[in-house]
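Please read the following report with the structure open beside it.

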There are 2 protein chains.
Amino acid sequence: MEKAIGVIDSGVGGLTVAHELMRQLPKEKLIYLGDTLRCPYGSRPQEEVRSFTWEMVEFLLEKEIKMLVVACNTATAFALEELQQRLNFPVIGVIQPGARAAINFTHNNHVGVIGTEGTIHSHAYTNALKSIHAGIQVNALACPLFVPLVEKGILHGEQAEMVVKEMLYPMKKSNHIDTLILGCTHYPLLRETIQKIIGNHVTIISSSEETAREASTILEFNHLLQNSEETPQHQFYATGKLDIFSRIAKNIFSEPVNNFKTVTIEKAVIC
Amino acid sequence: MEKAIGVIDSGVGGLTVAHELMRQLPKEKLIYLGDTLRCPYGSRPQEEVRSFTWEMVEFLLEKEIKMLVVACNTATAFALEELQQRLNFPVIGVIQPGARAAINFTHNNHVGVIGTEGTIHSHAYTNALKSIHAGIQVNALACPLFVPLVEKGILHGEQAEMVVKEMLYPMKKSNHIDTLILGCTHYPLLRETIQKIIGNHVTIISSSEETAREASTILEFNHLLQNSEETPQHQFYATGKLDIFSRIAKNIFSEPVNNFKTVTIEKAVIC
């Protein structure tokens with residue numbers, strides 16, 4: 001049996017990463033675990049996030065996985081380094097890929113980052129950007145209303161635009177950035193509305209897309225790319241709240257996606 | 001002393017990769033070697049290309065390098081795997097990064113690739129694309145007049161447009177692709193003209209940009225990113241033909257680039 005890519009998230013946002021992995025790496029099998037029971041992680045202390053993250057990893061270690069994608073900004077900020085040190089397969093997070101893509105796309109070295117309050121206050125994106133390119137000017141902005149908007153399924157139209165406009169006002173006002181990182185895995189669902197508000201002169205970077213791209217890079221570098229021509233049978237698990245899980249999944253996988261019919265959503269038991 | 005990124009190319013085209021490495025990884029020191037004396041490699045037999053490539057690598061092994069970037073499509077197609085197996089530091093080529101970026105950018109899974117006759121006939125891009133995503137339709141086209149055009153410094157204007165239009169005619173006629181890979185390190189210098197001819201609905205992927213992006217990914221994954229705040233002192237070597245080297249370098253580095261003033265171009269002795 002070919003090994004899978006394990007994907008963990010505090011809840012449903014990581015499904016945008018899973019979707020991109022399925023799109024960019026259609027031969028690869030995914031095993032996704034969303035900790036919807038204890039979601040969100042953003043406001044929890046670092047020690048708790050680390051502990052919850054390890055519980056998710058333990059669940060996936062019982063499956064056959066060859067790579068772990070931490071599809072959660074908070075878990076990436078708090079636990080990535082430790083996971084990379086202690087696991088004997090590649091582990092990638094969602095922060096560095098988005099940062100690197102922004103460095104590639106920006107022409108004026110003014111990069112915006114939006115995310116949850118937890119992510120923005122952790123300065124994880126700013127640190128990732130500056131560690132590679134000290135000359136990047138970062139305009140970071142917390143957009144706490146975006147996750148509830150996505151989870152309610154309000155992605156387009158007047159209400160969505162109103163909220164996005166209000167949240168992005170300080171960034172739009174300063175008018176410097178030419179590149180904007182969506183630093184939360186929920187945000188790709190609001191991408192069109194965000195683009196409409198921020199303007200077409202700004203390149204929007206989806207951390208989800210870029211993480212899938214880098215998963216592909218790292219798999220190949222480690223000779224772990226799938227060779228089999230068999231259709232992968234993905235597995236999706238959540239620890240609770242299957243209603244939101246299903247609603248978000250429907251919004252994300254609305255376009256034809258291979259093998260989506262074979263996806264099963266089960267309730268994982270984490271002791 | 002901090003170790004450098006070694007960059008090898010059959011000649012001057014790899015300078016577009018060097019430029020992108022300097023832009024996206026401004027803390028990293030580069031040591032570039034262009035085998036301008038024996039350029040081009042495209043029409044040489046595989047065994048000769050492998051042998052020349054190893055001679056370049058031997059030269060760089062006398063310097064302190066932590067990564068090797070094979071900034072030449074022919075050398076990537078013929079020698080990458082062997083270099084990766086035998087060298088004890090990361091080695092990346094220019095083909096896979098461009099292929100992966102195209103898979104990310106395409107929406108209709110119709111990808112165009114243009115390159116020298118050698119690269120196109122090697123099917124290296126088609127193989128790289130298909131190995132990751134079997135559903136990608138590839139329209140590959142050799143554009144043998146583009147390298148001479150670039151080396152003569154004819155990048156814009158009527159003559160450049162006429163040649164580009166003629167070369168791209170079969171691809172433009174079929175009108176399917178939404179993404180076009182510049183599968184030769186010379187071509188980023190013709191990017192604006194190519195975009196004008198192929199149309200704005202096509203996303204152009206520069207293998208040079210994407211290779212620099214993946215160099216960044218692999219350096220970080222291997223904990224090899226530069227920490228020093230010192231200005232890197234790049235070294236540029238060529239085995240001959242410094243006139244073309246200088247002309248191309250001037251075209252590539254026309255925008256303000258950190259440390260370009262400190263670059264020295266010397267003649268390497270390869271026995």
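The report below takes up the interface between the chains, then a pair of packed helices, and finally some local details.

This is a predicted model, in which local features need pLDDT of at least 70 and side-chain atom pairs count only at pLDDT 80 or more, while totals for chains, interfaces and linings use all residues. Residues are numbered from 1 along each chain as its sequence is written, chains are lettered from A and ligands numbered from 1 in the order in which they are written, and side-chain values use heavy atoms, with hydrogens and water left out.

**The interface**

Where contact means heavy atoms within 4.5 Å, 32 residues of chain A are in contact with 32 residues of chain B. The two chains bury about 2900 Å² between them, and 49% of that lies on carbon and sulfur atoms; buried area here is the accessible area (1.4 Å probe) that two parts lose on being put together, summed over both. In chain A, the residues that lose the most area to chain B are Asn104(A), Arg213(A) and Phe221(A), which together account for 25% of what that side buries.

Side chains of opposite charge can pair when their charged atoms come close.

| Salt bridge | Closest N and O atoms |
|---|---|
| Glu210(B) with Arg213(A) | 2.9 Å apart |
| Arg23(A) with Glu20(A) | 2.9 Å apart |

Arg23(A) and Glu20(A) both lie in helix 1 of chain A, three residues apart, which is about one turn of the helix. Helices (H or I, at least four residues) and strands (E, at least two) are DSSP runs, numbered from the N terminus.

**Two packed helices**

Helix 4 (residues 95-105) of chain A packs against helix 10 (residues 207-221) of chain B at an angle of about 150 degrees, with the axes 10 Å apart; axes are lines fitted to C-alpha atoms, for helices over the stretch in contact, and angles run from 0 to 180 degrees between N-to-C directions. Helix 4 of chain A contributes Gln96(A), Pro97(A), Arg100(A), Ala101(A) and Asn104(A) to this contact, while helix 10 of chain B contributes residues including Glu209(B), Glu210(B) and Arg213(B). The residues of the contact divide into two nonpolar, four polar and five charged, where Ala, Val, Leu, Ile, Met, Phe, Trp, Tyr, Cys and Pro count as nonpolar, Asp, Glu, Lys and Arg as charged, and the others, Gly among them, as polar.

**Local details**

Which residues does Phe105(B) touch, not counting residues up to four places away in sequence? Phe105(B), whose place is in helix 4 of chain B, touches Phe105(A), Thr179(B), Thr203(B), Ile205(B) and Glu210(B). Phe105(B) and Leu180(B) are 75 residues apart in sequence and 9.7 Å apart in space, C-alpha to C-alpha.

A cis peptide bond, with omega about 0 degrees, joins Cys39(A) and Pro40(A), and Pro40(A) lies in the loop between strand 2 (30-34) and helix 2 (46-61) of chain A. In chain B, a cis peptide bond joins Cys39(B) and Pro40(B). Asn109(A), in the loop between helix 4 and strand 5 (110-115) of chain A, has a positive phi of about 60 degrees although it is not a glycine.

Definitions and conventions. Salt bridge = Lys/Arg side-chain N within 4 Å of Asp/Glu carboxyl O.
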